[in-house]
Amino acid sequence: MEQPTPLLSQTVESAVDFKGQPALRFCSGGWRSASFMIGVEVAERFAYYGIGSNLITYLTGPLGQSVATAAETVNIWSGISMLLTLLGAFLADSFFGRYRTILFSSAIYVLGLSLLSFSAMLPTTSSQNSQFQLIFFFVSLYLIGIGQGGHKPCVQAFGADQFDALHPQEAKSKSSFFNWWFFGVCAGTFVAILLVTYTEENLSWSLGFGIPCIMMVIASFLFLFGTNTYRYSIKMYAKTPFLRIGRVFVSAIRNCRASSTVTFDEEGDGPDLSEQNTGQFSFLNKACIVPKDSNKHGVMCSASEVEEAKAVLRIFPVWITVLVFAIVFAQDSTFFTKQGATIDRSILSGFIIPAAALDSFVPLSIVIFITIYDLLFVPIARAFTGIQSGITTLQRIGTGLVVSAISMLVATMVERKRLRIADEHGLVDRPDITIPMSFWWLVPQYTLFGLAEVFTLVGLQEFFYDQVPTDLKSMGLAFYTSVLGMGSILSSLLVSIIDEVTGGSEQNSWFSNNLNKAHLDYFYLLLSALSVVAFVAFLFVSKSHVHSR
C-alpha cells in the first residue's frame, strides 16, 4: 500500500531524514538529535583540552623547551588548528556535507591522538632518538589539529540544523541550544583538565594522552548512534555558495563603470536592489546590472546572491574587532599555567593540585554562569526588551569584551602581588622554591575569564551562525573558531616580539624562564589596554552593522 504524503505542516522545509525523505517534525531533529551533538562535543572537547591544557608543561618538561618558546609553540598549534576549521567548513559546505565531514575528521582525530600517546612512550636515550620523538610528536599533534579543523565547525552547525528557524518554538530552542552547547563543552573541559592533567603529571604522559583518544572513539560511536534521528539540510542551489559569492564580486568589478540606472534583476527572488543603491556595500548591487550588450541570463547575478555576498562582508568588521579578545583568550592555557606553577597549590592535607588543573576554574565558572544566564537572565531580559534571546548577540559580545578587559586588569594586580611576595621572601633568584601565596589568588582572574566567555564566545557562535547564508552555516562557525585561531597566532607573535625587545642587553625578558624576574604584569596590563581600544572599535562597528535578512 502506498505511503500517504505527509502534510506540509508536518515536514521541515529544506531538510530530509536519513532515508532522503522529507524530514517529519515530530520524529526527527529537535532536542533529541541536538543532544547527540552536545554529547559528541563534550567528548571531543575532553580530548582536545586533555591535550592542550597541559601542553606547555610537557614542552617545558620532557621536551625541554623554554617558557617563551613553549608558549609560542602552544599558541601556533592552537591557532593553526582553529584556522583549519575554515578548510573543514569549506569542504563540508561545498562537497561532502556536514555528516560525512564529521566522520572523516573523527577518523583523523583518533589517528592523531593514538600516535601522540605512542610518541610519549618512545625512549630518549640519545639525541637521535630525541629528535625522532620530537618529529613524531609534532606530526601527531598537527594530525589532531587537522581532525579538529573538520570536526569543530561541522558538529555545532549540524546540531543547530536540528532546529527549524521558521518554527517559533524551535527558533527559541535554537537560541538556547548555543547556551547549553557551551555548557556541555565546558563540562567536558572541566573534567578533562582535572582528570587528564593529574594523570599526565603523576602517572604517565602516555596514559594521559591515551585517555583523550578513548574519549574520541566514544564520541565517534555516539555520533553514529544518532544517525536515524538527524535532519539533513538540502542544498538550496546547484552551485556551491563560494562560487555564487565569488561570481557576485567578479560581476560587480566587471560592471563597476556601468551606470547605476541600468535595469536590475526583476525575477523576484530577493529584495529590490534598485532601491538600495545607497545602502551598505551598495557597490555589490552592480552585480545585478544587465549590460546592454550582454546576454541577461549569462552575466547578471540574482538579488539573493548579492545579499549572500553582503552578508559575508558584514561579519568581517566584527571578526576584526574581537581579535584582541582572542589574544586574551590564549593566556589561560599558557602564562596562567606557568604562573600557577610557582605558587602554593596544596589543598586537603597536602594534596598538590597540578598547575594546569587550575584552568578548570574557567569551565567551572562557565557551567555556573551559563545556567544562570539561560534560566534567569534571559527570561528577565526578555520581559524588558521583547527580544527572544534577552539581549542581541552584539550586546552580548560587547559585554564579554568589557569583562575580558577587567580580567586582565585583575590578573595584573595578582601578578604584582606574587612578585612582591617573592621579593619579600628572598625568592627572586630561587624559582625552584614555591612562593608562599595561595592559588586562590588566581581564582578571580580565571572566574572573570569564564564570565567573559559566556558572553562573548557564545555570542560569537550565534552571531556567525545566524548572519551567514543558509548554505554556509559550517563556514559561519568556522569564522568563529578562526577568530580564536588568529588570536593564538597573534599572541605568539606578540610574545615573540616582546621577548626579543625586552630580553636584549642581558636584561630579563617579560617572559624570563625565571618568572620571579619576569614581568607578566606588564604583559597583562598591555592586554587590558588593548582590550579597551578593541571595545571602542567594536562599539563603532556594532552601531553601523546591518543584520542580514
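Trainee: How do helices α13 and α14 pack, and at what angle?
Mentor: This is a predicted model. In it, helix α13 (residues 393–424) packs with helix α14 (residues 443–467) at an angle of about 155 degrees, and their axes are 8 Å apart. Angles over 145 degrees count as roughly antiparallel, so that is how α13 runs relative to α14.
Trainee: Is the crossing left-handed or right-handed?
Mentor: The crossing of α13 and α14 is left-handed. Their contact has 19 nonpolar, 8 polar and 2 charged residues.
Trainee: New topic! How many aromatic pairs are there?
Mentor: A search of the whole structure finds 44 aromatic pairs. One of them joins F96 and F104: the ring centres are 5.6 Å apart and the planes sit at 90 degrees, so the pair is edge-to-face.
Trainee: Where in the chain are F335 and F523?
Mentor: They link distant parts of the chain: F335 lies in helix α11 (residues 335–340) and F523 in helix α16 (residues 520–544), 188 residues apart. F335 is buried at 0% relative accessibility, and F523 is buried with a relative accessible area of 0%.
Trainee: Which cluster do ring pairs link F335 into?
Mentor: It is a cluster that includes F335, F336, W440, Y446 and F523.
Trainee: Last one: how many disulfides does the count come to?
Mentor: The count comes to 0 disulfides. As for cysteines, C186 is buried at 5% relative accessibility, and C213 is buried at 11%.

Notes:
Residues are numbered from 1 along each chain as its sequence is written. This is a predicted model: local features need pLDDT of at least 70, side-chain atom pairs count only at pLDDT 80 or more; totals for chains, interfaces and linings use all residues. Side-chain values use heavy atoms; hydrogens and water are left out. Axes are lines fitted to C-alpha atoms, for helices over the stretch in contact, and angles run from 0 to 180 degrees between N-to-C directions. Helices (H or I, at least four residues) and strands (E, at least two) are DSSP runs, numbered from the N terminus. Angles under 35 degrees count as roughly parallel, over 145 as roughly antiparallel, 65 to 115 as roughly perpendicular and the rest as oblique. A crossing is left-handed if the near helix is turned anticlockwise from the far one by less than a right angle, and right-handed if clockwise. Ala, Val, Leu, Ile, Met, Phe, Trp, Tyr, Cys and Pro count as nonpolar, Asp, Glu, Lys and Arg as charged, and the others, Gly among them, as polar. A disulfide is a pair of cysteine sulfur atoms within 2.5 Å. Buried means under 20% relative accessible area, exposed over 50%, partly exposed in between (1.4 Å probe, protein chains only). Rings of Phe, Tyr and Trp (its six-membered ring) pair if their centres lie within 6.5 Å; planes under 30 degrees apart count as stacked, over 60 as edge-to-face and the rest as tilted.
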